Amino acid sequence: MPKFDAVVIGAGNGGLAAACRLAKAGKKTLLVEQHNLPGGVASSFRRGRFEFETALHELCEFGSAENPGNCRKTIVDEYGLDINWYQVPDNFRVITTASDGKTPIDATLPSGRENFINKMEEYVPGCRESVTKFFDLGAETLEAGNYLTASGGKPDSKVLQEKYPNYLRTAAYPVNKVFMALKMPPLAQDIMNTYWGYLGVDADHLSFVQYVNMVCLYVNHGAWIPEKTSNELTTGLAERFRAMGGTLWLNCRAEEILFDDDDRVCGVRTTSGVIDTRYVLCNASPTTVYANMVPDRLVPLRDKKLLPNRPFSARMFVVYMGLNKTAEELGMHDYSYFLPSSADSAKEYNNLKNIDTNHFNIALCYNVVNPKASPEGTCIVSLTTTYTGDCWRKIDPKDSVRTKEKVASEMIDWFEEKTGIVIRPYIEEIEIATPWTFCHYASVPEGAAYGYELRDWDSMMPRMMMMREEYPLKGLKFVGASSIRGDGFNSAIFSGDTIAKLTIGEMREEGI
Amino acid sequence: MALKVKVSLIGALDMLKFKNLAKTRREAIEKLQPKELPKSYVTNEKAEFMHPRRQDVRIKAMRSNGPDAVTVTLESLDGKALAPFRAGQYISISVDADASTTTRSYSLCGSPARSWKGEYDITVKRVEDDGFISKFIQDKWKPGMEISISAPQGHLYYEPLRDEKKVLALAGGSGITPFVGMAYAIRDGYEDFDLTILYGSRTEKDILYRAELDEISAACDKVHVVHVLSDEEKEGFEHGFLSAELIKKYAAGAPYTVFMCGPQAMYNFLDGVVEQLGLDRKHVRRELFGMIKDPWNQPGYPEGAHAKTYLARVTIHDKEYTIPVSSSEPLLTAFDRAGLCTPSRCRSGECGWCRSRLISGEVFIPEKTDGRREADKEFGYIHPCSTFPLSDVVVEVPGQYQHK
């Protein structure tokens, strides 16, 4: 029977990072993936002469080679991934109606803190002070986060109180509460709220710490994307894993986690045989793993309480289009367009529950940043929305084609109407991914690629603080969007890296 | 000025709230009611129904359908619906011929309504250059036998967000099959577009599906069929090849999209026709090219490389095999012959199901059937169905497993 120090199940961003970290520490590691390529939702596919990026794949906290962020330090410097990257020049353009229900918003926000603040003051005169405070608070939050990570979850409360008092005072609140405390003008709040769609929870329930972290990382370091789609990132990480001595089995499905008489992990049964190991890191939903791969008597009571009551986060719907005109010819000058029907995120969150009321739309034009994204004379545009409920559960498979065509067509209309940019006549290739598609390719429950909602008490901070008690079964831990940090490429990567380090520590204690 | 932000009136309460984040979460979890964990989800079950990894079916009936052609009706084992398809899509079937296992793709040529009754139709025309698989199927398959097939796949279908309302389908020989499916789909209300099929055959007696196509076009004014005979001149038939003039004649001035399906020689001929017509790529869609049988005629194939035998070391998870391979045939053909049971579907370089890692060795990949992702090229991945070895090679191939 093959024997490994650790088995990682699932080669999404989280599983790849965990596998790389374990291999780098010299652990004999097997990474199994049920599909024939790594990546999960971080991948690509081809149609005609186009290759489509599958995900909203901007990496934050990446930074330049001269001024690297933690993400670059981890995957480039430590794992050794050597690929070409592009920086996204502007953070986003948002076109919508303010929460007052009438004021139109059309704002383009650049990266770089000063540029961003100046632009905000231009759009909402008088907001400079509150937005500056937002970024100061963000800087303190980032430092506090680094301190917390460095302290291994055991911070000195004196240090926290002396150095990070503002962080401590805001960390338990949702976004809108802190915006009010900062006395940010409502219109500025509306614009500053734009990224909520990336996290899938509205500003009334989204943790401020998590949000300010994300915004500051994007603004300070800019967003970065790999030249040859997410497949270059994930296949690249798989190659680094192998180069560091790891073993990758594609088209291999883990079916059962095996436990010994002391109820600790002793192996994994896969479609390619039984593997002997004492550590399993799952890049899969704990809900489905506990339900289908662990004996019921071993499923911790806390998880029988927590998991079935935990709402799943965003279910994705994406329209991928290869157009036979260049971005310039079409008049597309921005990389990302956020096109919610309203800047009122709580209202919008509710609208996203149903197919008929969902008008959210994030449009990306890859060629604006990466001229090599598609052949000369063409460009690629994707339109993404998310559902905050299980409306796709109700669709009859007989109506699936008609429904997805209708939603896609309305999204194209919405994009054209909001931006004034015509794309429909130039569609050379089109593919539509529904929550069902994400069920199929990423095997995520309900097509929820973002894991569980980062809502109220279940946000990133308390999850991170409870890292050591989150996975009570000995030898079994979870990485990826359903893990300790929630969704996003960075969060998935860091969850894998952190949980792997925790595992390496346990191995040390056990003398492995 | 030092930053001082507090949310509640008393900052110390904010701090306490932070300190208690974990405690609050712990208590919130404690208060929840334990429930049974769901074993599956409705959305995922529907996705699995739409896109099964494989389907097991029974041969229900086989009937002769024109010269050398046999139409096979497949049925689900439990009488329930098979995965639905869009007219024009194909299935990849798994064929156990003697000691080897291989796959072949066949267009679904019945109405999309059939899948809901648990049935698919495919038509297998006997050809000489397909490794004798069509002959094997015609001779050895019998009603009652069970076989494994893929989910429907492929991209030769009408897409209202992309295609013109008028579609000119150019078919050659058994390339008529996807268009028969489309004609049924229009008749049965699954699709809504105007389909004119220009169907090239050598002689009148070589026409497949003639009666069905006549019946559909009589019943449905959105479907038109024009027979084009190359080797015969007869009244009521067009004569010659599928030329630019003929296409223009039947397009009749309306904007149109061209779909084509037929043998490789037809595609090569039609490349020139499309250029003559000045059609852009948006308006030209082609079925799978198929395996390239003459790599030595493809641009970039090294001189003198033809018909050399080499060894391939093939790793599949923890198993290893060494097998002979030839520079004149794709690696996948050698894998099949050796009975390795490696994954494959389209056999045209396109679908990526056979995606494998080339660890060492020289290979030739014809540009025409190079459907790899850009980063895969960078990291040394190949699609063995469109890769010809030019030296000894070491290849790592993903495994294959049965779902559930």
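**A chat about chains A and B**

Q: Which residues form the nonpolar patch on the surface of chain B?
A: B:L9, B:I10, B:L13 and B:L16 do, with about 440 Å² of accessible area together. This is a predicted model, where local features need pLDDT of at least 70, side-chain atom pairs count only at pLDDT 80 or more, and totals for chains, interfaces and linings use all residues. Residues are numbered from 1 along each chain as its sequence is written, chains are lettered from A and ligands numbered from 1 in the order in which they are written, and side-chain values use heavy atoms, leaving out hydrogens and water.

Q: What makes a patch here?
A: Residues with over 30% relative accessible area and no salt bridge (a side-chain nitrogen of Lys or Arg within 4 Å of a carboxyl oxygen of Asp or Glu); nonpolar side chains are joined within 5 Å, like charges within 9 Å. Areas are Shrake-Rupley values with a 1.4 Å probe.

Q: And B:I10, buried or exposed?
A: Exposed, at a relative accessible area of 51%; the cut-offs are over 50% for exposed and under 20% for buried, with partly exposed in between.

Q: Switching to A:T388, where is that?
A: In the loop between β17 (379–387) and α16 (400–419) of chain A. A:T388 is buried, with a relative accessible area of 10%, and its side chain reaches the backbone oxygen of A:Y349 at 2.8 Å.

Q: Nice! What is the strand order in the open sheet of chain A?
A: β10-β11-β12, with antiparallel pairing. Strands are DSSP runs of E, at least two residues, and two of them pair if there are at least two bridges between them.

Q: How many bridges join β11 and β12 of chain A?
A: Four, and A:T270 stands opposite A:G273 in β12(A).

Note on methods: Buried means under 20% relative accessible area, exposed over 50%, partly exposed in between (1.4 Å probe, protein chains only). A polar contact is a pair of N or O atoms within 3.5 Å; within protein, one must be able to donate a hydrogen and the other to accept it, and residues adjacent in sequence count only if both atoms are side-chain atoms.
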